Amino acid sequence: MRMVVAGVLERGGKVLVGQRSHPAWTAGQWEFPGGKVEAGERQEDALAREWLEELGVRVRVGAEVYRQQVETPLGLVVLLALRVALLADEPEPQALEHRSLAWVVPQELAHLPLLQSNRPIAAALAAQAQ
């Protein structure tokens, strides 16, 4: 089964989310940045690679926040959210992946048009923040 990893970066009581620029069925929606785990790749390595490719930053991957099988337009996948910490620099949206980035209080994530698969991550973070 395909696995997708998402990174949760926290700062000052807020979390970082990115607004997708493509593919068309996700454009304009928000997500926790990440991507697919390639064959033979460790989950942590995949997340670090995706953050470097999508946001231009190196991260240290930490504890699990959320794990669940979810149905997506690409089929059933395991979605795994892991905390990340920046090693250097500040995240910048790369045009191919994200239009913009935003820091959002976890309780406000429910008001954003999040990708359907990322809504349970947001709910878990909001519950932890209470």
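**Exercise 1. How many helices and strands make up the secondary structure of the protein chain?**

Before we start, a word on the model: it is predicted, so local features need pLDDT of at least 70, side-chain atom pairs count only at pLDDT 80 or more, and totals for chains, interfaces and linings use all residues. Residues are numbered from 1 along each chain as its sequence is written, and side-chain values use heavy atoms, with hydrogens and water left out.

*Solution.* 
- Step 1: apply the rule for elements. Helices (H or I, at least four residues) and strands (E, at least two) are DSSP runs, numbered from the N terminus.
- Step 2: count. The protein chain has two helices and seven strands.
- Step 3: Starting at the N terminus, the elements read β-β-β-β-α-β-β-β-α.

**Exercise 2. Find how compact the protein chain is for its 130 residues.**

*Solution.* 
- Step 1: compare. The radius is 13 Å, close to the 14 Å of the rule for 130 residues, so the protein chain is as compact as a globular protein of that length.
- Step 2: The C-alpha trace spans about 35 × 30 × 30 Å along its principal axes.
- Step 3: look at contacts, meaning heavy atoms within 4.5 Å. Of the contacts with a separation of 6 or more, 66% are between residues 24 or more positions apart.

**Exercise 3. Work out the surroundings of E31.**

*Solution.* 
- Step 1: locate the residue. E31 belongs to strand 3, residues 30-31.
- Step 2: classify its exposure. Buried means under 20% relative accessible area, exposed over 50%, and partly exposed in between (1.4 Å probe, protein chains only). E31 has a relative accessible area of 8%, so it is buried.
- Step 3: look for polar contacts. Such a contact is a pair of N or O atoms within 3.5 Å; within protein, one must be able to donate a hydrogen and the other to accept it, and residues adjacent in sequence count only if both atoms are side-chain atoms. The side chains of E31 and R20 make one, at 3.1 Å.
- Step 4: list the partners. Leaving aside neighbours within four places in sequence, E31 touches V17, G18, R20, E54, H98, L114, L115 and N118.

**Exercise 4. Decide whether S117 is buried or exposed, then find its partners.**

*Solution.* 
- Step 1: S117 sits in the loop between strand 7 and helix 2 (119-129).
- Step 2: its relative accessibility is 18%, so S117 counts as buried.
- Step 3: the S117 side chain makes a polar contact with the side chain of N118 (3.3 Å).
- Step 4: apart from neighbours within four places in sequence, S117 is in contact with V70, T72 and L79.

**Exercise 5. Classify R60 and D89 as buried or exposed.**

*Solution.* 
- Step 1: R60 is part of strand 5 (residues 59-72), and at 52% relative accessibility it counts as exposed.
- Step 2: beyond neighbours within four places in sequence, R60 contacts R83, V84, A85 and L87.
- Step 3: D89 lies in the loop between strand 6 and strand 7 (98-104). With a relative accessible area of 59%, D89 is exposed.
- Step 4: check the backbone too. D89 is not a glycine, yet its phi is positive, at about 65°.

Conventions: The radius of gyration is taken over C-alpha atoms; the globule rule is 2.2 Å times the number of residues to the power 0.38.
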